[in-house]
Amino acid sequence: MGQVALGFRSLLIKAAIFFVMAGLLAWALGGTLFPKPTIVNMSGAGSLHFVASSGGEIHGLKWILMKDETPIMEGHWQAVVGPVIVDGDAWIATGNAGQWQISKVTGNAVTETKDVPETVMWALFP
């Protein structure tokens, strides 16, 4: 029984040394062992803009549509386009796997639209 206890003690000491050395290496390289997500505020139109987050506890890329400082819509899309303002209305496009959804933003509501004017398509996808 004494050999097993010595083995566990040795393993515990080696694990502690490993985590201390890994932490020092991460610190020396300018990082951390448990990274926080990277958050980027993107340009927008009017009072609307997108915020992109990646890393940390977020799996993949997370997009949040903001109006001023209030989140309106969020999701894990592969791509976003916009917002653009056409004839006084704000429009966005979200895409996953090559499928695009065009949405109109009215106040704090986002409405997916099938009948999109040609001018909006040209503004979103020049």
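1. Val105 stands opposite Val110 in E8. The model is predicted: local features need pLDDT of at least 70, side-chain atom pairs count only at pLDDT 80 or more, and totals for chains, interfaces and linings use all residues. Residues are numbered from 1 along each chain as its sequence is written, and side-chain values use heavy atoms, with hydrogens and water left out.

2. E7 and strand E8 (residues 109-112) are paired in the antiparallel sense over four bridges. Strands are DSSP runs of at least two residues (E), helices of at least four (H or I), numbered from the N terminus; two strands pair if DSSP finds at least two bridges between them. Two residues lie between E7 and E8 in their hairpin, and Gly107 in the turn has a positive phi of about 65 degrees.

3. Seven bridges join strand E6 (residues 89-96) and strand E7 (residues 99-106), again antiparallel. Ala93 has Ile102 in E7 as its bridge partner. This hairpin of E6 and E7 also has two residues between the strands, with a positive phi of about 55 degrees at Ala97 in the turn.

4. The open sheet has four strands in the order E5-E6-E7-E8, with antiparallel pairing. Strand E5 (79-86) and E8 are the edge strands, each pairing on one side only.

5. Ile17 is placed in helix H1 (residues 2-28).
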